[in-house]
Amino acid sequence: MSSAITDTDLLAAADGVAARAYAPYSSFDVGCAVLARDGRVIEGVNVENAAYPLGVCAERTAFARAIAEGYRPGDFVVAAITASPCGGCRQWLHEMGVERVVFRNGGRVVTMTPDELLPESFDSSNL
Ligand SMILES: [Zn+2]
């Protein structure tokens, strides 16, 4: 049951999965754990590449994995991330429709909504 998983639990899951990051160039391991409405937790890690710009963030691997498994935007409740999400991932978090995002930033744990992370955002209504 999804209510059994707290934001603290989810951030701990993100911390755990970060060890599986593939970050040989930056050595900056990032983990992301996303709680879906059905109670499942989908995890992602950053995956780097020798062609640096091709690397993918932990948030995006988690959501890409979830989408490939059949989830859709709106199916997610919380995304927990071991680091502050980059600008591109803030756009993804907005698109995926999570209710809130929990992340570590400078030793603090921050909770924000996608709208707070990316105000005045571009979305499908702009197309
Ligand atoms: Zn990112």
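Ring pairs link Phe63, Tyr71 and Phe76 into a cluster. Rings of Phe, Tyr and Trp (its six-membered ring) pair if their centres lie within 6.5 Å; planes under 30 degrees apart count as stacked, over 60 as edge-to-face and the rest as tilted. This is a predicted model, in which local features need pLDDT of at least 70 and side-chain atom pairs count only at pLDDT 80 or more, while totals for chains, interfaces and linings use all residues. Residues are numbered from 1 along each chain as its sequence is written, and side-chain values use heavy atoms, with hydrogens and water left out.

**Aromatic pairs**

- The structure holds three aromatic pairs.
- Helices (H or I, at least four residues) and strands (E, at least two) are DSSP runs, numbered from the N terminus.
- Phe63 and Phe76 are both buried, where buried means under 20% relative accessible area, exposed means over 50%, and partly exposed is in between (1.4 Å probe, protein chains only).
- The ring centres of Tyr71 and Phe76 are 6.0 Å apart and their planes stand at 40°, so this pair is tilted.
- Tyr71 and Phe76 are both buried.

**Helix α2 and Thr61**

- The buried residues in α2 are Ala58, Glu59, Thr61, Ala62, Phe63 and Ala66.
- These buried residues of α2 pack against β1, β2, β3 and α3; contact means heavy atoms within 4.5 Å.
- Thr61, which lies in helix α2, touches Gly44, Val45, Val47 and Val56, not counting residues up to four places away in sequence.
- A polar atom of the Thr61 side chain lies 2.8 Å from the backbone oxygen of Val45.
- A polar atom of the Thr61 side chain also lies 3.0 Å from the backbone oxygen of Ala58.
- A polar contact is a pair of N or O atoms within 3.5 Å; within protein, one must be able to donate a hydrogen and the other to accept it, and residues adjacent in sequence count only if both atoms are side-chain atoms.

**Zinc and cysteines**

- The zinc ion has Cys57 (SG), Cys86 (SG) and Cys89 (SG) as its protein donors, lying 2.3 Å from it.
- Donors are N, O and S atoms within 2.8 Å of the metal (3.2 Å for Na, K and Ca); water is not among the atoms, so sites may look incomplete.
- Along the chain, the donors of the zinc ion follow the spacing C-x28-C-x2-C.
- Cys57 lies in the loop between β2 (41-45) and α2, and Cys86 in the loop between β3 and α3 (87-96), so the pair ties together parts that are 29 residues apart in sequence.
- Cys57 is partly exposed, with a relative accessible area of 22%, and Cys86 is partly exposed at 33%.
- The count of disulfides (pairs of cysteine sulfur atoms within 2.5 Å) comes to zero.
- Cys32 is in no disulfide, and the nearest cysteine sulfur, that of Cys89, is 8.1 Å away.
- Cys32 counts as buried, at 0% relative accessibility.

**Strands β1 and β2**

- Strand β1 (residues 31-36) pairs with β2 in the antiparallel sense over five bridges.
- Two strands pair if DSSP finds at least two bridges between them.
- Leu35 has Val41, in β2, as its bridge partner.
- The hairpin of β1 and β2 has four residues between the strands, and Gly39 in this hairpin takes a positive phi near 95°.

- Most residues other than glycine have a negative phi.
- Ser27 has a positive phi of about 55° although it is not a glycine.
- Ser27 sits in the loop between α1 (7-17) and β1, and is exposed, with a relative accessible area of 60%.
- Glu120 is not a glycine either, and has a positive phi of about 55°.
- Glu120 belongs to the segment after α4 (114-117), and is exposed, with a relative accessible area of 82%.
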